[in-house]
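This briefing is meant to be read alongside the sequence and the three-dimensional view. It goes through aromatic contacts, then charge pairing, then surface charge.

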2 protein chains.
Amino acid sequence: MTIAEVARKYDLTADTLRYYERIGLIPKVNRTNGGIRDYSDEDCRWIEFIKCMRGAGLPIEALIEYVNLFQMGNATLEDRKALLIEQRDILENRIREMQKTLKRLNEKIKRYEELIVPIEDELR
Amino acid sequence: MTIAEVARKYDLTADTLRYYERIGLIPKVNRTNGGIRDYSDEDCRWIEFIKCMRGAGLPIEALIEYVNLFQMGNATLEDRKALLIEQRDILENRIREMQKTLKRLNEKIKRYEELIVPIEDELR
DNA sequence: ATATATATTGGAGTTAGCTCTAAGTCAAGA
DNA sequence: TCTTGACTTAGAGCTAACTCCAATATATAT
C-alpha cells in the first residue's frame, strides 16, 4: 500500500505517517526500488494500534519505548508488559477523573434547565 | 488571598493563574491599592471549576467563551447551556473511546501474561 | 515521450498551553 | 529606614505533536 492509501484508510495525513516513522512511533516501513514506502499488513496493524493508543492520550514517548522494546525481541516481554500496565493504570485514573467531571457537567446542565424553564414561563 | 496562596491551594503556578486571567479563562481578579491581586471566594470557585474542566480536556477556547457568556448576564443562559451540552457530549464520546482502548490494553496485558508464564516455566 | 500526479527529504512553521525572564514595584519584619 | 521576599508587567521561550514547504524524484496515463 502507498502512503496515500494508508493515510486514507486510517484518516491520518501522509505527513503524520512519515512523522510517526521518523520518530520511531512505528517501525521502519519497507520501500520499493524507487524508494517509495510500501506499507505491509503488519505496518498497518502498527498504525492502527498507535492511532488507537494516541486517541486515548497515551504519550508518544511511552509508545516509542514500546516499539523499541518490541523490536528488541522476546527478552523485553516483561518490560513491555510493565509499560502497558503502567499506561493502563494512568488511563484508568484519567477515565475516572473524566467521569467525575462528566457528572459535574451534567448537574450543571440540569441546573440551567431548572433555571431557564421558569424564566421562559414568566415571559408568557 | 494572594496569588501564591491560591496557587498552592489549587496546585497551579502563579504564572498559570496570571495566564488564565490574561486570556479571559477566569474573570478579572480585584486588586489591592498597590495593584496586587486579591482573590475572592468566587474567584477561587472559578479557578476550581476551570481546573476541573481543563483536567478533563475541555478546550480553553470553549471555557473562555463560557466565561464571556457568563459575564454578559441572564440573556446568555440558553447559550451557556448549549455550550455545556456540546462539551458534555464531546466528553462522553471521549470517555467511551478511552474505555474501548482500556479494554484493549487489558486484553493485550493478559496476552503478555499468558505468553510470559510458559516461558518462565521452561526456564526451570 | 510527455504531462500529471504522487512520493521523497530536510527543515521550517504552527498551535495549544503554559513557563520563564527582566526590570521594576510593593509589603512586612528588624 | 532598610532589607528581603513576594508581586507586577510585557514579552520571549518552551514542549508536544503535528503540519507545511521547497526542491527533487518516481510513477501513471495518454
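This is a predicted model: local features need pLDDT of at least 70, side-chain atom pairs count only at pLDDT 80 or more; totals for chains, interfaces and linings use all residues.

**Aromatic pairs**

- One of the aromatic pairs is that of Trp46(A) and Phe70(A), whose ring centres lie 5.0 Å apart with the planes at 90°, so the arrangement is edge-to-face.
- This pair links distant parts of the chain, since Trp46(A) belongs to helix H3 (residues 41-55) of chain A while Phe70(A) belongs to helix H4 (residues 60-71) of chain A, 24 residues apart.
- Trp46(A) counts as buried because its relative accessibility is 8%, whereas Phe70(A), at 34% relative accessibility, counts as partly exposed.
- In chain B, Phe49(B) and Tyr66(B) form an aromatic pair that is tilted, with 5.8 Å from centre to centre and 50° between the planes.
- This pair, too, links distant parts of its chain, with Phe49(B) in helix H3 (residues 41-55) of chain B and Tyr66(B) in helix H4 of chain B, 17 residues apart.
- Both Phe49(B) and Tyr66(B) are buried.
- In chain A, one aromatic cluster is formed by Trp46(A), Phe49(A), Tyr66(A) and Phe70(A).

**Salt bridges**

- In chain A, the side chains of Asp15(A) and Arg18(A) meet in a salt bridge with an N to O distance of 3.8 Å, and both residues lie in helix H2 (residues 14-22) of chain A, three residues apart, which is about one turn of the helix.
- Asp15(A) counts as exposed because its relative accessibility is 57%, while Arg18(A), with 33% relative accessibility, counts as partly exposed.
- In chain B, a salt bridge joins the side chains of Asp15(B) and Arg18(B) at 3.9 Å, N to O, and these two residues both lie in helix H2 (residues 14-22) of chain B, three residues apart, about one turn of the helix.
- Asp15(B) has 55% relative accessibility and therefore counts as exposed, whereas Arg18(B) is partly exposed, with a relative accessible area of 33%.
- Glu97(B) forms a salt bridge with Lys100(B), in which the closest N and O atoms are 3.3 Å apart.
- Because Glu97(B) and Lys100(B) are three residues apart in helix H5 of chain B, about one helical turn separates them.
- Of these two partners, Glu97(B) counts as partly exposed at 45% relative accessibility, and Lys100(B) counts as exposed at 56% relative accessibility.

**Negative surface patch**

- Which residues gather in a patch of negative charge on the surface? They are Glu120(A), Glu61(B), Glu65(B), Glu78(B) and Asp79(B).
- Helix H4 (60-71) and helix H5 (77-122) of chain B each supply at least two residues of this negative patch.
- Asp79(B), one of the patch residues, is found in helix H5 of chain B, and Asp79(B) is partly exposed, with a relative accessible area of 46%.

Terms used
Residues are numbered from 1 along each chain as its sequence is written. Chains are lettered from A and ligands numbered from 1 in the order in which they are written. Side-chain values use heavy atoms; hydrogens and water are left out. Patches are made of residues with over 30% relative accessible area and no salt bridge: like charges are joined within 9 Å, nonpolar side chains (Val, Leu, Ile, Met, Phe, Trp, Tyr) within 5 Å. Accessible areas come from the Shrake-Rupley method with a 1.4 Å probe; for residues, only the protein chains shown count as cover. A salt bridge is a side-chain nitrogen of Lys or Arg within 4 Å of a carboxyl oxygen of Asp or Glu. Lys and Arg count as positive and Asp and Glu as negative; His and the chain ends are not counted. The place of a charge is taken as NZ of Lys, CZ of Arg, CG of Asp or CD of Glu. Helices (H or I, at least four residues) and strands (E, at least two) are DSSP runs, numbered from the N terminus. Buried means under 20% relative accessible area, exposed over 50%, partly exposed in between (1.4 Å probe, protein chains only). Rings of Phe, Tyr and Trp (its six-membered ring) pair if their centres lie within 6.5 Å; planes under 30 degrees apart count as stacked, over 60 as edge-to-face and the rest as tilted.
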